[in-house]
Amino acid sequence: MSTARRLVEAPPSLRWHLARARTPVYRRAFAAFGAGTVVVRPRILRGVEHIALGAGCAVHEGAWLQAEGADGSITVGDRVYLGHDVHVHAIDPVRIGSDVVLADGVFVASTDHGRGDRSVVHGTGPITIGDHVFVGQRAVVLGGVSIGDGATVGAGAVVTRDVPAGATVAGVPAKVVEATR
């Protein structure tokens, strides 16, 4: 194998192999845990009985997945990549479609803290991320929004409104910079 090919197609790390060994434990704890899914050294997993991961998903180191409250659930489709330090927090339902990439440091939350008492947390509306969506590094997706199929969210963007299918959004707050082709 050439050096260039090894850089592009690095073999799985020891942590990845150890995570695969833990799969039977995760399979029993999660609401659903698809075949071939791997969770590598998560930072926090809370409410896993309300978290469903599809087949062939990769959840990388430092991930924070938390579902709480009566309506809090996280549903992840097949072949989803959750990068390092991704944080998904649900009081209202969060649905992530299939073939989605959430790059490193992405924050997705259907929650907010109270204005009077900061210890009070409440829901902000469900979040739906469609199929074939790419969310760039350190982007934020807030409650009550839908991101349409095939959309792209630029790095560092803050999504506060719905994103049309196939659109590219960027900025704070995120705005359409390229419409559907």
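## F134 and its surroundings

Leaving out residues up to four places away in sequence, F134 touches V101, A103, A151, T152 and V153. Keep in mind that this is a predicted model. F134 sits in strand β16, which covers residues 134-135. Take A103 from that contact list: A103 and F134 are 31 residues apart in sequence, yet their C-alpha atoms are 7.7 Å apart in space.

Is F134 buried, exposed or partly exposed? Its relative accessible area is 38%, so F134 counts as partly exposed, given that buried means under 20% and exposed means over 50%.

## The chain overall

Zooming out, the chain holds three helices and 22 strands. There are 181 residues in the chain, and buried ones make up 43% of them.

## The eight-stranded sheet

Strand β16 also belongs to an open sheet of eight strands, which runs β2-β5-β8-β11-β16-β19-β21-β22 with mixed pairing. Which strands stand at the edges? They are β2 (38-39) and β22 (175-178); each has a single partner strand, so one side of each is left without a neighbour in the sheet.

Inside that order, β8 (residues 81-82) and β11 (residues 101-102) run parallel and are joined by two bridges. Here L82 stands opposite L102 of β11.

## Parallel pairing around β6

Strand β6 pairs with β3 (residues 44-46) in the parallel sense, over three bridges. In that pairing, L45 is opposite L65 of β6.

β6 also pairs with β9, again in the parallel sense, this time over four bridges. For Q66, the bridge partner in β9 is H89.

What does I129 touch, once residues up to four places away in sequence are set aside? Its contacts are R95, I96, G97, V100, L102, V108 and I147.

## S110, a buried loop residue

S110 lies in the loop between β12 (107-109) and β13 (111-113). Its relative accessible area is 0%, so S110 is buried. A polar atom of the S110 side chain lies 2.6 Å from the backbone oxygen of D92.

Neighbours within four places in sequence aside, S110 is in contact with H89, A90, I91, D92, V94, H122, G123, T124, G125, I127 and G143. H89, the bridge partner of Q66, is therefore one of the residues that S110 contacts, heavy atoms lying within 4.5 Å.

## One aromatic pair

How many aromatic pairs does the model have? The count comes to one. F30 and F33 form it: their ring centres are 5.4 Å apart and their planes sit at 55°, so the pair is tilted. Both F30 and F33 are buried.

Conventions. Residues numbered from 1 in each chain as written. Predicted model: local features only at pLDDT ≥ 70, side-chain atom pairs only at ≥ 80, totals over all residues. Heavy atoms only, no water. Pairing = 2+ DSSP bridges. Phe/Tyr/Trp six-rings, centres within 6.5 Å; stacked < 30°, edge-to-face > 60°. Buried < 20%, exposed > 50% of the residue type's maximum accessible area, 1.4 Å probe, protein only. Polar contact = N/O pair within 3.5 Å; in protein donor to acceptor, adjacent residues only side chain to side chain.
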